[in-house]
Amino acid sequence: MTDEVSRNERIKEASDYLRGTLAQGLGEEITGAIAEDDQQLVKFHGMYLQDDRDLRPERTRKKMEKAFAFMIRVRVPGGVLAPQQWLALDRVARDYGNGTLRLTTRQTVQLHGVIKSNLKSTLRAIDAAVLNSIAACGDVNRNVMCGVTPEQSRAHAGALALARAISEHLTPRTPAYREIWLDGEKIAGGGDEVVEPIYGRTYLPRKFKTVVAVPPSNDVDVFAHDLGFIAIVDQAGKIAGWNITVGGGMGMTHGEPETYPRTADLLGFCDTKDALAIAEAVVTVQRDWGDRKNRKHARLKYTIEDRGLDAFRSEVEHRAKVKLAPAQPFQFTSTGDRYGWSDAGAGKAHLTLFVQTGRFADGAAVAQLSALRRIAKIHDGDFRITPNQNLIVANVPTEQQAQIEAIARDARLLAPWSGLRRNAMACVALPSCGLALAESERYLPDLIAALDDRLAAHGLSADDIVIRMTGCPNGCARPYLAEIGLVGKGPGRYNLYLGGAFDGSRLNKLYREDVDHAGIVAALDPVFAAYAGARQPGERFGAFTIRAGFITATRNGRDFHANTGPQRAA
Ligand code: HEM
Ligand code: SF4
């Protein structure tokens with residue numbers, strides 16, 4: 001750590017509200033990349049400069065520039081998309097991207113493989129569908145998530161309204177996005193102010209993530225996020241107010257124990273009318289109190305660890321001019337999705353599809369991107385991206401249900417039998433992510449097949465067990481909250497974590513370090529066997545691994561790196 005602010009702070013400060021030299025860089029045909037400082041700024045516009053890592057060795061040999069292309073993350077508050085918007089994204093993916101659409105663990109859609117010369121056309125097509133990618137990445141409030149709980153339509157509507165209001169309120173106001181990508185045209189929902197009334201010139205110290213949860217489902221993983229609102233629903237199914245959570249976060253660095261994942265704390269309870277003021281106050285306190293010298297210590301979770309929850313609460317109450325009430329009782333039961341049909345009332349139903357690792361593509365075996373296009377063309381309800389990288393076809397009238405289900409079945413988009421596969425998530429990792437140390441999206445399906453063999457041997461095939469994998473410790477698929485977490489360490493090697501809670505309320509803990517495929521299967525098989533033989537009625541796998549003494553429970557973030565490793569012989 002130094003006394004100086006970090007390099008990113010100087011880049012933001014000098015950027016003239018996120019402009020930098022992006023406009024000039026787009027016109028430079030000599031390279032598929034952009035200037036180094038602009039690579040930081042372009043994140044605030046929802047893009048990452050990446051290169052195809054599969055092609056690196058060959059291109060290096062041929063002394064060619066890396067195969068640069070951009071990942072574009074679309075902002076989809078609450079994960080709700082109209083069929084026309086889906087069709088527009090599908091078109092863009094085929095015209096300008098790599099022909100696939102990736103649903104993300106934070107309810108957005110990512111396009112991969114967009115080359116620099118196609119960026120403007122891509123963003124204009126996205127804009128024409130009344131979507132944008134502003135603040136989908138960068139040191140700002142990112143896409144606001146909202147639980148999808150299809151069976152609780154009334155509370156969902158209130159939660160979605162709050163998610164959209166927060167998203168709107170905390171979206172950067174700079175006209176830079178419009179100027180650079182859309183040539184000055186006014187974008188949907190954008191303002192004209194040059195200054196940023198909430199963020200100021202240097203935005204936030206680090207990324208900031210907000211979610212709205214509707215119990216009993218914790219599908220949004222509220223404890224993984226900087227700021228959360230948990231709906232407190234009264235007897236009539238109406239929202240009585242919100243519990244507020246602060247200071248959750250996943251990212252850490254291997255070998256640096258001062259970095260750790262952390263579950264959020266309950267801050268208190270507020271009325272709906274005060275929710276926006278509280279959200280803004282949490283953001284501005286973090287803006288002013290967060291660490292701008294060391295980016296590995298800049299998330300809200302560390303601010304709260306350093307200053308204490310009580311001091312943080314007082315400052316939020318002071319700025320919002322709201323006195324928070326004590327948090328109200330609530331109960332979460334799971335983080336997963338409820339697959340298949342669920343009643344939506346008024347003669348309609350929702351169909352939750354299973355989308356393996358969130359990727360829609362037209363592969364050799366099955367054409368899932370095309371199948372979704374067929375559904376979108378006949379569907380006039382909406383789509384909801386779930387926080388588990390799945391998709392809900394929402395509000396399907398009775399007369400269309402058989403047709404939509406048939407398309408989904410043919411495209412293998414209905415949920416599989418395996419309880420492990422139904423509860424799996426993987427980050428993108430290779431070949432696009434520059435930070436990946438190991439495979440994730442391309443490997444997890446095969447690992448699950450191997451683990452399913454073992455689970456079948458113990459009669460556990462249909463048991464819901466949450467497994468999540470990432471290619472590095474940044475934690476994009478929230479692996480530290482899974483019952484089985486796998487985090488890339490190097491090519492083909494992973495750290496294995498056990499003991500997370502099924503409802504997303506407890507972090508897991510390192511069980512085995514640096515294991516390969518065979519090592520993962522060998523480490524888990526005896527734990528599965530013990531679970532099959534000795535679990536109590538209704539006991540979840542994560543809870544069992546602690547009670548049976550395989551692993552010590554993690555109580556909070558600072559405790560994450562303590563007492564690791566197997567605690568009993570398997
Ligand atoms: C310091 C930490 C992090 C860094 C530097 C980082 C960086 C990245 C990068 C470069 C990608 C693009 C990968 C690709 O699509 O090729 C990505 C994807 C993503 N990240 Fe992160 N990430 C971090 C932590 C997190 C955390 C903690 C979450 C969620 C709680 C998250 C959520 C996502 C999501 C939703 C995606 C999209 C792909 C997916 O669903 O896996 N990230 N991240
Ligand atoms: S967890 Fe790491 S490897 Fe996976 S997408 Fe995030 S940054 Fe990339």
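Me: Which residues are buried in H7?

Reply: Buried means under 20% relative accessible area, and exposed over 50%, with a 1.4 Å probe and protein chains only. In H7, that gives Ala155, His156, Ala159, Leu160, Leu162, Ala163, Ile166, Ser167 and Leu170. They line one face of the helix, because down the axis of H7 they fall within an arc of 165 degrees (taken from the directions from the helix axis to the C-beta atoms). Arg154 and Glu168 are exposed on the face turned away from that buried side.

By the way, this is a predicted model, with local features needing pLDDT of at least 70, side-chain atom pairs pLDDT 80 or more, and totals for chains, interfaces and linings using all residues; side-chain values use heavy atoms, without hydrogens or water. Residues are numbered from 1 along each chain as written, while chains are lettered from A and ligands numbered from 1 in written order.

Me: What does H7 reach from its first C-alpha to its last?

Reply: Expect 1.5 Å times one less than the number of residues. H7 (153–170, 18 residues) reaches 26 Å, close to the expected 26 Å. Helices here are DSSP runs of H or I, at least four residues, and strands are E runs of at least two, numbered from the N terminus.

Me: Which residues of H11 are buried?

Reply: Phe312, Arg313, Val316, Glu317 and Ala320. Their arc is 130 degrees, so they line one face of H11. Asp310 and His318 are exposed on the other side, and just after H11, Lys321 takes a positive phi of about 55 degrees.
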